[in-house]
2 protein chains.
Amino acid sequence: MAKNITARAENFPQWYQDVIAAGELADHSPVKGCMVIRPTGYAIWEAMQATLDRTFKETGHVNAYFPLLIPESFITKEAEHVEGFAPELAVVTHAGGKELEENLVIRPTSETIIGHMYAKWIKSYRDLPLLINQWANVMRWELRTRLFLRTTEFLWQEGHTAHETYEEAQGETLKMLQVYQDFLQEVCAIPVIAGAKPEHEKFPGARDTYTVEALMQDNKALQIATSHNLGQNFAKAFEIKYLSRDNQLEYAWTTSWGCTTRMIGGVIMVHGDDDGLIIPPKLAPTQVVIVPIFKRAEEREQVYEHAEKIKAKLGQVLGKLRVSLDSRDDLRPSDKFFHWVQRGVPLRIEVGPMDVKKQSGMTVRRDNRAKEPVSLEVMAERIPAILAEIQAGLYQTALDRREAHSVQVESYAEFKEVLAQGGGLIYAHWDGTRETAQQIQEETKATIRCIPTHVPAEEGVCMISGKPSEQRVLFAQSY
Amino acid sequence: MAKNITARAENFPQWYQDVIAAGELADHSPVKGCMVIRPTGYAIWEAMQATLDRTFKETGHVNAYFPLLIPESFITKEAEHVEGFAPELAVVTHAGGKELEENLVIRPTSETIIGHMYAKWIKSYRDLPLLINQWANVMRWELRTRLFLRTTEFLWQEGHTAHETYEEAQGETLKMLQVYQDFLQEVCAIPVIAGAKPEHEKFPGARDTYTVEALMQDNKALQIATSHNLGQNFAKAFEIKYLSRDNQLEYAWTTSWGCTTRMIGGVIMVHGDDDGLIIPPKLAPTQVVIVPIFKRAEEREQVYEHAEKIKAKLGQVLGKLRVSLDSRDDLRPSDKFFHWVQRGVPLRIEVGPMDVKKQSGMTVRRDNRAKEPVSLEVMAERIPAILAEIQAGLYQTALDRREAHSVQVESYAEFKEVLAQGGGLIYAHWDGTRETAQQIQEETKATIRCIPTHVPAEEGVCMISGKPSEQRVLFAQSY
């Protein structure tokens with residue numbers, strides 16, 4: 001067991017901090033609540049970006065860049081939007097040595113400034129749909145912050161689209177929710193539950209907000225990505241109008257959708273173990289690390305030669321594996337193992353004089369520590385297969401854990417009992433009112449994570465008010 | 001000639017604005033001096049990023065992300081640094097509904113906050129060299145702004161490295177200057193002159209600043225990228241110390257280097273013509289556009305089928321060409337030509353019923369309008385060859401223009417005469433003092449762009465003071 005990492009069972013929040021420190025993923029900065037994303041952590045973000053960006057482009061989106069600073073008056077144009085974001089704004093009042101005529105806020109999200117530009121660019125139905133994404137930093141002044149999960153500044157992508165009809169905007173909203181779901185499940189190996197947010201948990205200014213939620217190992221839920229159908233709310237606030245096919249001036253229908261560096265926190269909390277980070281192979285910046293082992297100096301050359309041969313072989317695999325050879329001669333093999341275990345690299349190949357002789361390497365899986373000698377001959381087939389097994393195994397383990405901690409309850413007493421026993425995902429009937437949701441939150445800290453898409457309609461009564469309910473919703477304590 | 005673009009000869013600054021508007025590269029934003037980079041412009045930035053990022057990684061660098069906001073007190077720790085940047089800072093005084101205890105500035109550059117973190121991370125020579133790059137937005141409150149060339153907010157990359165010795169830091173500084181030079185010349189087809197900045201034009205806080213400078217079509221110079229040997233200045237200001245191989249506590253030697261979205265302005269002003277943008281093939285997000293042409297509806301199917309065949313063929317070329325098929329049925333072919341000409345796509349292939357019959361396509365070069373029919377049979381070889389000719393031709397044209405507008409002068413009278421005749425790059429002797437440089441700048445608006453590396457030592461006398469000079473330096477009016 002790693003001595004620099006607290007056990008999960010002992011103190012989960014401390015374990016989380018320790019994993020980040022041990023893996024050198026991120027660090028606290030001198031500005032309260034702002035983090036530094038260190039190279040190991042940033043490489044995970046780059047891997048996430050690469051896959052998502054390709055998918056966004058394949059689904060017809062293009063990237064652009066809008067200004068960091070937004071006139072304060074823009075934020076106030078959409079009533080719910082200002083109510084939601086005003087308390088979290090960072091405000092620039094002085095620049096170039098002078099007080100500004102109008103304060104500028106650092107974007108907490110860009111619907112307003114993008115809406116302003118869309119009003120300028122969109123004239124006719126021929127300009128629609130407009131499908132733009134932006135990779136950017138945003139700032140929301142949070143009081144309680146946690147590396148990756150909730151930081152004052154964070155990195156994200158925000159898609160902003162404009163359409164001719166409600167139906168088309170709704171289609172886009174759900175399509176991008178599906179993109180997030182597929183990415184999280186297939187690449188990050190995180191099983192997620194998709195659904196709509198209740199009215200009182202919507203994005204400020206949205207008509208409907210959809211979310212994907214995942215269960216962490218401490219049985220809390222994490223909202224990982226959201227997709228919003230903004231209706232005509234922002235189009236009306238920013239005068240985004242177009243001449244329709246019927247030659248009428250109409251307001252456009254817009255959407256926005258985003259995911260953030262918070263996903264890295266999700267990967268840590270879903271897959272990590274008491275030795276630290278575990279990165280799913282499809283996401284891992286380094287999928288395989290080769291560690292040469294030798295005692296006598298004269299063995300060095302042949303061991304390295306063999307290690308290089310393995311590296312070259314794996315580099316030629318279709319789709320190219322991402323392989324590193326740890327050639328630091330000032331570290332002992334055990335220190336190297338420790339180094340890569342804590343960085344979450346899914347597979348290690350140990351190469352010593354015996355392996356040279358046998359023309360093989362000893363593979364060691366990060367997830368379950370299983371060892372398997374693999375001969376050079378079959379390496380190009382076997383290593384990708386082992387990585388696929390790890391990928392599938394991580395997903396299945398997370399799914400099994402989630403199923404084991406998902407329950408249906410019929411009464412509020414039962415609901416509270418589940419939370420007292422350690423929590424998890426709780427499916428219960430709710431009367432649809434903000435008041436009931438608030439009472440539950442105040443008394444139990446659990447909130448409605450979403451009205452899940454996969455849950456069938458079912459007549460029932462609210463566990464608090466006894467009023468009728470048409471479907472169970474998903475409750476959990478959350479980040 | 002494009003009616004929406006002013007001729008270069010008539011009004012170069014207006015031509016520049018018109019090219020950007022016609023190509024939909026960028027737009028002014030409601031925040032003074034901040035630009036919106038539109039999808040066509042952003043795709044060029046993404047292409048620049050992709051190539052540079054790969055090169056940075058190949059030269060041993062890793063990416064990370066540091067906070068946008070910097071405590072105001074950090075900026076003041078390095079005396080020259082604060083003097084240089086204080087007038088341009090945007091300042092956050094309020095956040096989360098409260099006045100901050102200490103003002104935070106939006107990073108104008110990140111030496112200070114990165115220096116603070118390096119002091120925390122670097123303990124021993126084993127932690128060196130530390131080679132980190134960051135892709136980010138920065139803000140400098142400029143009074144006179146111009147899209148891409150000088151904007152309040154801009155996108156850039158900033159490399160920050162720490163080393164054991166002066167020599168190693170100097171090696172890194174020059175290596176990255178060479179990376180910029182190679183990228184600009186080989187990918188952007190922009191010939192550049194590398195050299196050192198004179199003392200009074202150095203980056204605030206640097207020991208030595210190096211630059212690459214290019215000549216625009218209006219005979220003004222543009223500084224395109226810089227690389228700084230920071231000596232131990234920031235190490236001393238931020239206490240970046242390491243235990244040396246001799247077990248002594250030493251200050252590290254640091255460097256920084258960066259290039260920005262300004263490069264897009266350089267591409268426009270070096271290659272553009274009176275019809276708009278021309279993007280060098282190696283940089284172009286779309287290298288080839290296929291435009292189907294037919295008059296009768298019954299020709300549509302076979303023309304599109306043939307166009308798709310060409311697209312598929314070019315998509316299989318080694319290294320994969322980036323090809324678009326313009327299938328908008330509501331636009332006439334001439335409108336499509338116009339659209340792609342103004343977006344700078346280097347090669348167009350027109351495909352009509354006759355081309356279907358001949359199993360060929362008519363290629364039209366963006367740079368010189370040369371037409372050449374190319375049969376499907378040889379397309380996979382001939383199209384890449386034409387693109388290579390365009391790439392080489394753009395570079396040669398720019399180089400010829402630069403050579404035609406480069407002169408050596410022996411006297412200040414001659415110097416002023418060259419500027420009166422339209423300017424260009426002027427090589428002249430200078431006594432090395434700030435006073436002389438200032439006098440020249442005040443009287444002619446020309447500045448010392450650099451002390452070029454390629455100019456041999458040569459005994460001479462300063463054209464103003466008559467004092468001795470050891471080498472000619474490069475003067476020009478500039479952006």
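Reply: Helices and strands are DSSP runs numbered from the N terminus, a helix having at least four residues and a strand at least two. The model is a predicted one. By that numbering, B:Pro129 is found in the loop between helix H5 (111-121) and strand E7 (130-139) of chain B.

Me: What makes the bond between B:Leu128 and B:Pro129 a cis peptide bond?

Reply: Its omega is about -10°. In chain A, a cis peptide bond joins A:Leu128 and A:Pro129, with omega about -5°. Most peptide bonds are trans.

Me: Why does B:Glu24 count as partly exposed?

Reply: Partly exposed lies between the limits of 12 or fewer for exposed and 20 or more for buried. B:Glu24 has 15 C-beta neighbours inside 10 Å, so it counts as partly exposed. B:Glu24 also has a positive phi of about 50°, although it is not a glycine.

Me: How do you know that the buried residues of H9(A) line one face of the helix?

Reply: The buried residues of H9(A) are A:His306, A:Ala307, A:Ile310 and A:Leu314. Seen down the helix axis, they fall within an arc of 100°, so they line one face. The face turned away from that buried side carries the exposed residues A:Glu301, A:Glu305, A:Ala312 and A:Gly315.

Technical notes: Residues numbered from 1 in each chain as written. Chains lettered and ligands numbered in written order. Predicted model: local features only at pLDDT ≥ 70, side-chain atom pairs only at ≥ 80, totals over all residues. Arc of directions from axis to C-beta.
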